[in-house]
Amino acid sequence: MSDTPKIEVRSLRKSFGSNEVLKSISLDVAKGGVVALIGPSGSGKSTLLRCINLLVVPDGGSVRVGDTRFEFGTGARLPDVKTLARFRATTGMVFQHFNLFPHMTTLRNVMEGPVTVRRMPRADAEKLARAQLAKVGLSEKADQYPATLSGGQKQRVAIARALAMEPDVMLFDEATSALDPELVGEVLNVIQQLAAEGMTMVIVTHEIAFAREVADRVVFMRDGVVVEEGPARQVIDTPQEAAMRAFLSHFHRTGALPPATAAS
Amino acid sequence: MYQWDFGILWSYRWLFLNGLGVTVGFTVVIVVCGLLCGLIAAFGSLSRFKAVRTLALIFIEAFRCTPILVQLIWFYYALPILAGVEMTPITASALALSLYGGSFYSEIIRGGIVSIDRGQSEAGAALGMTPRQTMTRIVLPQAIKRMIPALMNQSIIQFKNTSLVSVLAVPDLVYQSQVAAHDSYRPLETYTAVAVAYAAILIPLTILVRRGEKRMAVSE
């Protein structure tokens, strides 16, 4: 059963106006696999991630997550809003800028998906939400509003909110890029814990050391194409392509994860 | 030197109260209908379909860019000829004022909705919400908070605009005071009293709005 990938992206194309952002991209993610998408900004990695849960609708190619497959391009009909919504309910996403709902407490943020989308009774949803908040270590913040939390805490709530939908896969869109350096570790810690539990994940990140540590595979993108991909350590330690080497020269590749993770 | 005599107005108190009742009642009707109409026009102007957007835009600009006094007269005298429907002065002025207010409300509502960060609806969509659920659960609750001061302000203008219905002989406060002024030969006292009556209702309301704004600023 683990032979068929959990996520399968085939010849995906996307343009914004005359700017071709994705040029026939293919990507497989095994069940329980963790893939890190890295590359310079404007390389199309965030767009690719957003195409996986169809927040961005591709112009061509196909996307399959689990048993649900969508075709795009000439002749293919765009999925209707109900189909899209049902599909997205099975994929969790975490954003760079958290996008927590500021008018709801932390607990209500996490309950919102189960209550509104899955029509779960409030009492059950609350139990589920409290469990997810405990998992990211924020039980005591349940009744606070997002505005009172630090960036790292906000992002952990956002992860709990996505997990409360009990998704098959998790997508992380530069989840630590908006954080102060000292808060990065606590978020990476949670992601690493999810990886250890066998969650299928695609992570867009600039944390090269983290990608090397946590991801099974690394995909390096530039200008809308995959330049190099392979097992994480191999690709990062011994990059084959000149572009990849040039990109990696800006980072410390090895070394420990940020302090919070190293300490735990 | 003019001798002010406000005492004379006392004998017209029932006339004034009657007019004030009509003014307040009329305001309630046109604020409610105007908000409804503004909400529809706002969603229309944000529609995915170009035809709907254009229609909403035409409505908004037609009513926003013509004087309300002209609209009132037009609705009472011209519309019956064009559409062949007979309207009482009250219906005609309620209709005109609701649509006029609606065109301004719709811009406030639209502005409030688009001011909410795109990431909010993306987060809703990523959880599996339909666009409608995202709108009602995520975007509107935040947007309404931002709209309230401007909506209140527009409603205050609506309240004062009701004074114009007197041109169609709707017996509001201004119309009744005209009657009193003609009868008493005391227009200065009468209109001063009318101005005081409007202010006496509106000033407490504006204080309420200002207090609300402050409270909202704290919770943001």
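Mentor: B:Phe59, B:Phe63, B:Trp74 and B:Phe75 form one aromatic cluster. The model is predicted, with local features needing pLDDT of at least 70 and side-chain atom pairs pLDDT 80 or more, whereas totals for chains, interfaces and linings use all residues. Residues are numbered from 1 along each chain as its sequence is written, chains are lettered from A and ligands numbered from 1 in the order in which they are written, and side-chain values use heavy atoms, leaving out hydrogens and water.

Trainee: How many aromatic pairs does the structure hold over all chains?

Mentor: A pair of aromatic rings is described by the distance of the centres and the angle of the planes. Rings of Phe, Tyr and Trp (its six-membered ring) pair if their centres lie within 6.5 Å; planes under 30 degrees apart are stacked, over 60 edge-to-face, and the rest tilted. Over all chains there are 12 such pairs. One of them, B:Tyr2 with B:Trp4, is edge-to-face, at 5.3 Å centre to centre and 85° between the planes. B:Trp74 and B:Phe75 also form an edge-to-face pair, with 5.8 Å between centres and 70° between planes.

Trainee: Is B:Phe75 buried or exposed?

Mentor: Buried means under 20% relative accessible area, exposed over 50%, and partly exposed in between (1.4 Å probe, protein chains only). B:Phe75 has 7% and is therefore buried, while B:Trp74, at 38%, is partly exposed.

Trainee: In which order do the strands of the open sheet in chain A lie?

Mentor: Strands of a sheet pair through backbone hydrogen bonds, either parallel or antiparallel. Strands are DSSP runs of E of at least two residues, helices runs of H or I of at least four, both numbered from the N terminus; two strands pair if DSSP finds at least two bridges between them. In chain A the order is β2-β1-β4-β5, with antiparallel pairing. β2 (19-29) and β5 (68-72) of chain A each have a single partner strand, so one side of each lacks a neighbour in the sheet. Strand β4 (residues 60-65) of chain A pairs with β5(A) over five bridges, and A:Gly61 stands opposite A:Phe72.

Trainee: Which backbone oxygen does the side chain of A:Arg156 reach?

Mentor: A polar contact is a pair of N or O atoms within 3.5 Å; within protein, one must be able to donate a hydrogen and the other to accept it, and residues adjacent in sequence count only if both atoms are side-chain atoms. The side chain of A:Arg156 reaches the backbone oxygen of A:Val136 at 3.0 Å. A:Arg156 lies in helix α5 (residues 151-163) of chain A and is buried, at 11%. A:Glu112 is likewise buried, at 1%, and its side chain makes a polar contact of 2.6 Å with that of A:Thr116.
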